[in-house]
Amino acid sequence: MILNSLSTPSFARRALVLLSLSLGLAHCNKPSNAAQSTAAAASAAAPAPEPVTLLNVSYDPTRELYTAFNAHFAKKWEAEHHQKVTINQSHGGGGKQARAVIDGLEADVVTLAVAYDVNQLHDKAQLIPENWQSRLEQNSSPYVSTIVFVVRAGNPQKIKDWNDLARDGVKVITPNPKTSGGARWNYLAAWGYALKQPGGDEAKAQAFVEKIYKNVPVLDSGARGSTTTFVERGIGDVLVTWENEALLSVKELGHGKLEIVVPSVSILTEPPVTVVDKVVDKHHTRAVAEAYLKELYSPEGQEIAAKNFYRPRNAEVAAKYKDQFPEIKLFTVDELFGGWAKAQPTHFNDGGLFDKIYKPSK
Amino acid sequence: MSQQPLEKRHRSFSLRRRGVLPGFGLTLGYTIFYVGLLVLLPLFALVFKSSTQGFAAFVSAVTDERALLAYWLSFRTALAGAAINAVFGVVVAWVLVRYSFPGKSLLDALVDLPFALPTAVAGIALTAVYSENAWVGSKLLSLGVKVAFTQLGIIVALTFIGIPFVVRTVQPVLEELETDVEEAAALLGAGRLQTFRRVILPSLVPAILTGFALAFARGLGEYGSVVFISGNMPMKTEIAPLLIVTKLEQYDYAGATAIATVMLMASFALLFGINMLQRWARRAEA
């Protein structure tokens, strides 16, 4: 009897796990309701308005960047407006984060990896207007990065450019584009390289990317997972990753063990930011949220981005950090792929070109 | 109006007859509420969500070649893991019950560790041990066995996750088993193997079966530990739960819940079948 009754709770738990996975029922609504405080403060025009809280929902590798930036912004805002502002951060895979916001996580601003994920906030839940990306300068991407290679010390496989990744016997580490935003950039960068070669066309690009993925022994679910596989497990000859992630791993995990190789051409990765209109209007935090994102474009904000290995947009700050960011020919998703709204379904959704790589040839 | 007292009398009558123990009505109500709220409600939500798409879309989502390969992979690796545990878990339970040795309570506690450990930690730890450059993995590789990032790796993870299910279900039954029955068998001239096969094993079978079913059902749904060690190669080492997550990343809620529904029905059918089998076995025994 005891044994028999055991099976029920375990089944329930299994089902619940499946469910919370599949329905995203876990609306971890953070009560970031310092909401009415600004309104109250504005009407009273008191010298010290009530403190306000913002929630910034971001993707995985921006943790260090926003920790530094939030401290800077809170100080500046308090100095100028005599109002305390607390910024809460939430990090995770870009797709998961966007889904949490769609499902009800009340983010005042989102700072995600891929514009496609931000688009979903409009398409699925009308949280932002359709033209969100044109509201801020530079496609709403205050800082950018690109995709580079990390190789083992001395570069034993002599990896110089994308075509070396398609060579027989080279093991390439990159995450699964189905589950990782960063992996999608990697894939598109390789595709774009093939297109830009003399005589390059879509068919050749597809064959080229297919050859690279045949060299991938493990598809981790996220960019950090791939870094771990490459650095800690010692698997693979080359890790394809964001430049900021590459610089960070080399800094954190030891010079002399890893080297960064910059390919001849790569993709400009533009992680976009936006205010979530429905949420800031509900919280009455639009003013501070907009100022927060604008500050990312200021010289100080740009400097913080550069220090955290993101390429700044500001020319002066970029000049100051030019040793850290070697010059590289960059193409954009809009130029070569018609934007994310087109690239995502063509390449990554079910039945897209990425799936074809793994379909057994008939 | 005139009916009421009759009904009342009837109910109190039936309550009195149902059992000697009090509180049946209250606990049954609680049970239905509890199971309904925690199990049935989310399940209804799941089925509802997957039914928002048309039937044709549902069928094409659940019968896609990639999905079929993923179910089959999840099914056979979970089966393998549970089968391994059904044999070696019984050995562990046997040792823990029948012998005493230094460090026994420590070993006993270790068995529960896979329950308590976050599955992601288990996955990372197993990968750290079995990947090709790691200590064990490199030795195995020199013997031509690749564990991490293959189906074998998935089986290893699911075996790890499943250990406590078998041990903890078999252990109490073994403890209840009187040794004098075995002694009697020996006195009557049964050999050791014969005693095990004819006397011990039959009384353990229901427990082993339960443990096996639990480990198997858990293995079907396991995600956290597997994604680290499997390598996640589409068509080769992509388990069904990963496919669900993959679909969610594409905002394909309907497709994700469709696959989830299939897995749910499979697990339910499985557990229900095992329960029936046990009931039948118990009745046959009595």
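Modeller: Helices (H or I, at least four residues) and strands (E, at least two) are DSSP runs, numbered from the N terminus. The model is predicted: local features need pLDDT of at least 70 and side-chain atom pairs count only at pLDDT 80 or more, while totals for chains, interfaces and linings use all residues. Residues are numbered from 1 along each chain as its sequence is written, and chains are lettered from A and ligands numbered from 1 in the order in which they are written.

Biologist: Where is the place of Asn232(B)?

Modeller: Asn232(B) has a positive phi, near 55°, although the residue is not glycine. Most residues other than glycine have a negative phi. Asn232(B) is placed in the loop between helix H12 (226–229) and helix H13 (240–249) of chain B.

Biologist: Is Asn232(B) buried or exposed?

Modeller: A residue is buried if 20 or more other C-beta atoms, placed from the backbone, lie within 10 Å of its own, exposed if 12 or fewer do, and partly exposed in between. Asn232(B) has 24 other C-beta atoms within 10 Å, so this residue is buried.

Biologist: Which helix holds Gln138(A)?

Modeller: Gln138(A) has a positive phi, near 55°. With 13 other C-beta atoms within 10 Å, Gln138(A) is partly exposed. The residue lies in residues 137–140 of chain A, helix H6.

Biologist: How many residues of strand E1 of chain A are buried?

Modeller: In a regular strand the side chains alternate between the two faces of the sheet. In E1(A), Val52(A), Leu54(A), Asn56(A) and Ser58(A) are buried on one side, and Thr53(A), Leu55(A) and Val57(A) on the other. For the strand, which covers residues 52–58, the count of buried residues is 7 of 7.

Biologist: What is the bridge partner of Val57(A) in E2(A)?

Modeller: Two strands pair if DSSP finds at least two bridges between them. E1(A) and strand E2 (residues 85–90) of chain A run parallel and are joined by 6 bridges. Within E2(A), the partner of Val57(A) is Ser90(A).

Biologist: Which residue of E3(A) stands opposite Asn56(A)?

Modeller: E1(A) also pairs in the parallel sense with strand E3 (residues 109–111) of chain A, over 3 bridges. Opposite Asn56(A) stands Val109(A).

Biologist: Which helix gives the most to the side of domain 1 of chain A that touches domain 2 of chain A?

Modeller: An automatic or database domain assignment sets the bounds, giving domain 1 (27–141 + 271–297) and domain 2 (145–269 + 327–358) of chain A. Their contact (C-beta atoms, placed from the backbone, within 7 Å) takes 13 residues from domain 1 of chain A and 15 residues from domain 2 of chain A. On the domain 1 side, helix H4 (94–102) and helix H5 (115–123) of chain A are the elements that give two or more residues. With 4 residues, the most is given by H5(A).

Biologist: What separates the centres of domain 1 and domain 2 of chain B?

Modeller: Chain B is divided into domain 1 (22–51) and domain 2 (55–285). Taken over C-alpha atoms, the separation of the centres of these domains of chain B is 27 Å.

Terms used:
Two residues are in contact if their C-beta atoms, placed from the backbone, lie within 7 Å.
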